[in-house]
Amino acid sequence: MIALAENSYGKSRVRIAKVKRHAGHHDFYEWTIDILLQGDFESCFVAGDNSKILPTDTMKNTVYSLARASSADCMEEFGKELVSFFLDRNPQVSAAQVALSEKSWQHLHANGKPCPTTFVQSSSERQTAEIAAARNGVPLVHAGLEGLVILKTAGSQFTGFIKDSLTTLPEVTDRLFGTSVRARWKYSSASLNFAALRTRIRDILLSVFAGHTSKSVQHTLYAMGEAALANVPEIETIELTMPNKHYLLADLSRFGQDNPNEIFLPIDEPHGTIEARLRRQG
């Protein structure tokens, strides 16, 4: 006997840009959206009966149409609107999930002031959000960021690690510490000022990274997550992934030169990967 254990389907990488036109300035958003529906779709898989299937092309069109009428000014609120829309219109759907990522566009500064209708994309950082809800359930909201590339040139060391017959890495008390942060946190409520909280959490993560005296990537990762939870009661958990982007001290002795920790060789691969999820006790 064969049975369909679980299933879902949806539309991925729906890209949308939106301009909000205010008197004197514009806001610009660029989002990529993934939609996933769960529900009573067994007849489609087993018998080829599409009578309960909402076409994924319709899901794509829903994003554009809803964005036109939406007053949402952040991904989390727009994701909530999408989830509610799919559940309200489709009784065969038992749960809906929407994942969003946002490119970082900022107003261009020229002559010492921001241009009200001109934007610049200065980094590869993306903001992220995930909203999921079961029918008659309360939405669960996660948010985060990825591609936040940061580096410090002081306050980082790595000593006291295991050394065996295969160890070639020397201990170092003053090293470059570079990483590309991916963070994801869970909100305790679906009704919060998400934009302000995102800014606050990001500022905390960056401040701790800059000021922490690091004994390892793990050590600093924990300090960053700990500070976010301690200072933002609106989040319940935080996950951080921080690859160790290596910068190797260049050996200039063959050229008769010293290297007082100034010349480095950037190495993208291979790199260390460190990740953890922190939560509140009790």
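Student: In which handedness of crossing does H2 pass H3?

Tutor: H2 passes H3 in a right-handed crossing. A crossing is right-handed if the near helix is turned clockwise from the far one by less than a right angle, and left-handed if anticlockwise. The model is predicted: local features need pLDDT of at least 70, side-chain atom pairs pLDDT 80 or more, while totals for chains, interfaces and linings use all residues. Residues are numbered from 1 along each chain, and side-chain values use heavy atoms, without hydrogens and water.

Student: Why is H2 called oblique to H3?

Tutor: Helix H2 (residues 56–69) and helix H3 (residues 75–89) pack at about 125°, with axes 11 Å apart. Under 35 degrees is roughly parallel, over 145 roughly antiparallel, 65 to 115 roughly perpendicular, and the rest oblique. So H2 is oblique to H3.

Student: Which residues of H2 and H3 make the contact?

Tutor: Contact means heavy atoms within 4.5 Å. H2 gives Met59, Thr62, Val63, Leu66 and Ala67. H3 gives Phe78, Glu81, Leu82, Phe85 and Phe86. By class, that is eight nonpolar, one polar and one charged.

Student: What makes a set of residues a nonpolar core?

Tutor: The members are buried Ala, Val, Leu, Ile, Met, Phe, Trp, Tyr and Cys, joined through side-chain atoms within 4.5 Å. Buried means under 20% relative accessible area (1.4 Å probe, protein chains only). The largest core here has 61 residues. Ile33, Leu37, Phe78, Trp185 and Tyr187 touch the most other members.

Student: Which residues is Ile33 in contact with, beyond four places in sequence?

Tutor: Among them are Val63, Phe78 and Leu82.

Definitions and conventions
Buried < 20%, exposed > 50% of the residue type's maximum accessible area, 1.4 Å probe, protein only. Axes fitted to C-alpha atoms, helices over the stretch in contact; angles between N-to-C directions. Helix = DSSP H or I, 4+ residues; strand = E, 2+ residues; numbered from the N terminus. Nonpolar A, V, L, I, M, F, W, Y, C, P; charged D, E, K, R; others polar.
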